[in-house]
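Subject: Structure handover

Hello,

Here is the structure I said I would pass on. Please look at it first, then read the notes below.

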Amino acid sequence: MSVNPSRRRFLGGAAAAGIAASSMNMDVLKAEALSNELKKNGKRVLLLWLAGGASQLETWDPKPGRLTGGPYQAIQTSLPGVQISELMPKMATRLHNTAIIRSLNTQIGDHGGGARLMHLGRRDEPNLKYPDMGSVLARELGRPDLQVPDYVSFYTATEGRGNAVGQPGFLGARYAPMFLTTDNKPAHLSRLEDITDLDHKERADLRALLSNRFAKGRVSESLGSHNVAYGRVRGLMSSEKLFDLSDEPQKIKDRYGNSLFAQQAMVARRLVEAGTPFVKVARAWWDSHGQNFETHLELVTELDHVMSTLLEDLEERGLLEDTLVVTLAEFGRTPTINASLGRDHFARAWSASLTGCGIQGGTVFGATDEDGQHVKDNEIGAAELFATIYKAVGIDPHHEYFVGSRPIPLVDPGTHAVDEVLA
Amino acid sequence: MLKKLSLLAAVLLCPGINHAQDLLPPETSIQDAVDHYIKSEQATGNIQPAAQVDDYVLMRRTMLDLAGRIPTIAEVEAYVADEDPQKRVKLVDRLMAQPEFTEQLAYDLNNILAPAGKTDLELYLVDALTAQKGWDTMFADMIYGNYEEEMPKQAMQFVNLRISDIDNLTNATSALFFGVNISCAKCHDHPLVSEWTQAHFYGMKSFFNRSFSNGDFVAERAYGEIKYATTSGEQLDAQLMFLTGSVIEEPEPVVLDDEGKKKEKADFEQLKKDKKPAPAPAFSRRAQLIEIALRENDREYFSKNIANRMWHRIYGYGLVMPLDQMHPENPPSHPDLLDWLARDTYANGYNLPRLIRGLVLSQTYSQSSRYDGEKRPAEFWFAAANVKPLSPRQYAAALAIAARNPAHWEDASEAESRIANEVKAQRGWANKFAVPNDEFQVSVDEALLFSNDTAFEDKIKVSNDRLGGELAKLETTEAMVQRAIKAVYSRPATPEEVQAISAYLDARNDRREDAISQIVWALMTSSELRFNH
């Protein structure tokens, strides 16, 4: 016998499992505590991506009165002893669901590399393509029969395709993001005018009949995925209305406002309400190498308004306890103010926020020194942040996927969630 | 310590022990060797292979693999009607003589070798294959260049596109040319193997650490060493060590004073400005990699890797899987066959077309992808053909051929150039699809595109230059279904298909043209066109 018998058994089993289970999906066979399954049921994550890198000093970690502090003051929040930038007066009054993390040290200070790290939660490896956070969450929180998209990613013009990371990696194209590139509606979601809805449906039925006949007696994951993809088309098309804000009450629209960011946040709320497990909304132009303070006056004010409105909206609908809202970027900005009154890329000591599902509201984790140059307490990296996000929505961060026979934990081995911010 | 380990490693890590005396004689044809080894292994496992395919399927499969497109109705009918017992060999030789064969091989090789989304190597590969270069020469061109003749600027992109990250370049070289992913071995538990990995990883990295990008070309200095720390914290100097554990003795590195370095830098800058290649140092580490990887006692990784990759390309599954895990803990499914193919490939100047020709002429190749027995044997038995997702270009070409009015291809004197023109004109469609890998899944974006895209609606409409236009003119429904199935799937329709499609049409008597267009849509989006089966 020339073949390693264990390999033979392994492969034979995988083939027998047929089109549904791929070899990397063998982890479904691993018994998982039922309570965990129930815990993550119906959980969602909404990522507010501050493309270009928002300043922690003008948001979550102000340094008033220091040389690095800039012109803005800090204001007292509803939490005793906690201050944030005066540019966020609305958030200051509603931090009761929010945890602020002030001790990120992620080391990568270029847009491309930083964006990859903060989407994947780990560094790239040359011969293995990791899934990003959205694909992992789509896989872990989505249901196979979901009629809505399970991973929607808005990307903005300045962010550029290159930095708009969204990759299912070894999880496969089933978990690829639906990218919204030109407007707030995905491409090819609406039926063309020259075919009726009935014919559109019935030609798909004819296709399924022909294709299923062909698939008989043939086994292949790719072949299976082809028919699964077509099987999802009609369901996804029925979610088209989620992207259309015209039926949103005027009262709600007025609260969010008219900016693109606000509109996307509104669509995101509609999507999570309908069950989409992961939505990313990106707001660009944060890369303030010059005129940092004018830029942040405009952008933080908008963020403060949209974020607080979104949280309120989610809370009123009873969605916040099942929805985790994250603010994140590829890095923060230098405490040192440069000659153009700008702040440059800074990955050594910056901030993120987590609100809602699974979070111990009203907490602040970690601290930087008095000028914000270094992390003073509780330094964490991307992996710990990702572990925290996963755990908050009921996913075991040490859960393993298998690529071939190689186990791949959701986050790098040896890293743990920040339990201090978890409910 | 190091020496002892590398000796052990050399024994442990030789990818399969070569027992040349037991192999089939070298003069055996490739196809006979393939069938011999595959069938004898099946016999040991009591595995019943699938039936051989008919001429229709064989013609389509061969055409896709060798010409990158589906056949026209005229081509498939001519092949089926041909009574020459040598027609299969003649088809293969005819297709391999056409430029499309070389173009597709270069395209596929570029997809393997270039970083994702880059096409930089493709033109070089077309030229190299056209000049009948062996895989060993192409390897040398890509890693080292060619200082004797003209420097192949495009070939150098293999190194140049990756050189800003030498770890990545080291892994890519090792995985793509030698079938060994050394970054992955970090996770193996075996203490000896993990020790080996570090020494070998830095050994392999040493072949590249003196190189850097100098504009369009890669330049190399005559100095620069690598130090690394073991897991126990010991500081070691990396040796110039190949994967087999063989170490190259090298001269002392050149020592330059500040003045010398300044001049060297200025020289490189000037060459960069002049867009000229820098001369190689007297002792080039990259040149040493070529030398050692191809020499007698160390070439097994190189020869087995390319044999395995070409096998995978044709049969849709490697003799070693995954392709970059060629190590003793993951033995080939058919060690003797891989040995035989590697030896044959080496002995014939690493001639890739010759290898491909043998692979597509075997009976293993012409097995059906459909297995009607009780339990389909796992892929590594090669008891039934694997369905392979079409590459983006193959799919674009298949859509282009199927969508046209078949009458467009009928005039034999015009057909060849018309096909070539149409395939080139429709190549832009390839950008809409992903390059398939081993875990390939079709995305819902693709299904949505075909379902609701105006450009695709244009391909399926009923008009004179489209398939639908011809179908609308046919008298009977039966004739229409037969014609449509043959245009899209290159075979006659089954009675069930005639029945299902007729019923669809009958229900739409009030909008027959719409119905025809919808039928074409259903045929063209079905898996039978999307895959090579």
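Two residues are in contact if their C-beta atoms, placed from the backbone, lie within 7 Å.

This is a predicted model, in which local features need pLDDT of at least 70 and side-chain atom pairs count only at pLDDT 80 or more, while totals for chains, interfaces and linings use all residues. Residues are numbered from 1 along each chain as its sequence is written, and chains are lettered from A and ligands numbered from 1 in the order in which they are written.

A:Leu324 is also one of the residues with the most contacts inside the largest nonpolar core, which has 253 residues; A:Val326 and B:Leu359 are others. Such a core is a set of buried Ala, Val, Leu, Ile, Met, Phe, Trp, Tyr and Cys residues joined through C-beta atoms within 7 Å. Buried means that 20 or more other C-beta atoms lie within 10 Å of the residue's own (exposed is 12 or fewer, partly exposed in between), with C-beta atoms placed from the backbone.

Strands S1 (residues 44–50) and S8 (residues 323–328) of chain A run parallel and are joined by 6 bridges. Strands (E, at least two residues) and helices (H or I, at least four) are DSSP runs, numbered from the N terminus, and two strands pair if DSSP finds at least two bridges between them. In chain A, 8 strands form an open sheet with mixed pairing, in the order S6-S5-S7-S1-S8-S11-S4-S12. Strands S6 (178–180) and S12 (363–365) of chain A are at the edges with a single partner strand each, so one side of each has no neighbour in the sheet.

Chain B has 25 helices and 6 strands. Its S1 (residues 211–214) and S2 (residues 217–220) run antiparallel, joined by 4 bridges. S1(B) and S2(B) form a hairpin with 2 residues between them, and B:Gly215 in the turn has a positive phi of about 75°. Buried residues make up 48% of the 533 residues in chain B.

Finally, the contact between the chains takes 48 residues from chain A and 59 residues from chain B. On the side of chain A that touches chain B, H8(A) gives the largest share, 11 residues.

Regards
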